[in-house]
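Open the model in a viewer and keep the selection panel at hand. The stops below go from the domains to the pockets and end at a single side chain.

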Amino acid sequence: MPAPVSKPDDPALLRIDGPIATITLNRPAAYNSINLAIAQKLEQLAIALEGDDSIRVVVLEGEGRAFSAGGDLQTIGAAAEAGTVTPVVGELLKHYHAFIEIIRRMPKISLSSVHGSAAGAGMGLAFVTDLCIAADDAKFTPAYAKIGVSPDGGSTVGIVGTVGSRRALQIFLAEDNFTAQQAYEWGLVAKIVPAAELKSATRQLAERLAQNPPAAIAGTKQLVYQAATTPVKQQLDAEEHKIIMAMNTEEFRAAVKKFTSKGK
């Protein structure tokens, strides 16, 4: 499926530059909060990118002053008043969670580039990607418990696997917000840069990641995510299968030839 061409007023924009695809949340007036339109667009873009073999890295960023304020509480609040939360939120999360599922399974590295506020499902989005780079002014706000709900939007998928259950409970139930530095110390953020340098630093990191051959990216990502729940023998068999597959690629043959010829 060819990648859809973005229009300026789309709720999420797609830009492709070589092996790097950038998805930009594009509701700046609403701090890129997630409503049905943006959830549907994100799912559409993810489906297109998953099937594009030329893409190796997918970057997620937010337009305007924030990465994402999370779920659109105006829409959700109106549904709560009208007694239609189940169908309204169910439909929203059907598309948004489908997007998250694709991001996690696609044989490409996803990288969130976070500035300003990342709250609720926006915080979840920042950490459900494979890696996160953050501006030094980024602030992460769990937000869920304060309004009497549990996490969604992949928040437990990305955070628990990184920090463990105790720290996750602390984040969701005992933290009003936390800084990029704290997120870095907890292993949620790979790199912190000055806000003015975020775009260029994101590009540099994406380019570095894109240097990895597709087989290395796909095999490593799948093995890493399944390691925690896979029996040792099964994991070792998977490692054997993936590395032999990668060794049968032209990229591997060229790399080994270059390496072995260095000392001659």
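Begin at the domain contact: 10 residues of domain 1 touch five residues of domain 2. This is a predicted model. To set up the view, colour residues 12-211 as domain 1 and residues 214-262 as domain 2. The C-alpha centres of the two domains are 28 Å apart.

Next, show the surface between the domains. Domain 1 and domain 2 bury about 670 Å² between them, and carbon and sulfur atoms account for 57% of that area. On the domain 1 side, select Arg56, Arg104 and Pro107, the residues that lose the most area to domain 2. Together these three make up 61% of what domain 1 buries there.

Now turn to the largest pocket, with a space of about 580 Å³. Where does the largest pocket lie relative to the two domains? It lies between them, because domain 1 and domain 2 both give residues to its lining. Select Thr129, Asp130, Thr162, Val224 and Tyr225 to find its centre; of the 26 lining residues, these lie nearest to it.

Helix H4 (121-128), strand E6 (131-135), helix H5 (155-163) and helix H9 (214-227) each contribute at least two lining residues. H9 supplies the largest share, six residues. Colour the lining by class to see 15 nonpolar, eight polar and three charged residues.

Move on to the second largest pocket, with a volume of about 490 Å³. Its lining has 22 residues, and those closest to the centre are Leu73, Ile76, Tyr144, Ile147 and Val149. Show helix H2 (73-82) and helix H3 (85-105), the elements that give two or more residues to this lining. The largest share, five residues, comes from H3. By class, the lining of the second largest pocket comprises 17 nonpolar residues, four polar and one charged.

The last stop is Arg27, in the loop between strand E2 (20-25) and helix H1 (36-50). Which backbone oxygen lies 2.9 Å from a polar atom of the Arg27 side chain? Show the backbone of Ser33: the oxygen in question belongs to that residue. To see the surroundings, select Pro11, Asn32, Ser33, Asn35, Ile38 and Asp72, which Arg27 touches when residues up to four places away in sequence are left out.

How values were computed:
Residues are numbered from 1 along each chain as its sequence is written. This is a predicted model: local features need pLDDT of at least 70, side-chain atom pairs count only at pLDDT 80 or more; totals for chains, interfaces and linings use all residues. Side-chain values use heavy atoms; hydrogens and water are left out. Helices (H or I, at least four residues) and strands (E, at least two) are DSSP runs, numbered from the N terminus. A polar contact is a pair of N or O atoms within 3.5 Å; within protein, one must be able to donate a hydrogen and the other to accept it, and residues adjacent in sequence count only if both atoms are side-chain atoms. Contact means heavy atoms within 4.5 Å. On a 1 Å grid over the protein atoms alone, a cavity is a set of points where a 1.4 Å probe fits but cannot get out, and a pocket is an open set with protein on both sides within 12 Å along at least five of seven lines; lining residues have an atom within 4 Å of a point. Grid points are joined across faces, edges and corners, and a volume is the space filled by probe spheres set on the points. Ala, Val, Leu, Ile, Met, Phe, Trp, Tyr, Cys and Pro count as nonpolar, Asp, Glu, Lys and Arg as charged, and the others, Gly among them, as polar. Domain bounds come from an automatic or database domain assignment. Buried area is the accessible area (1.4 Å probe) that two parts lose on being put together, summed over both.
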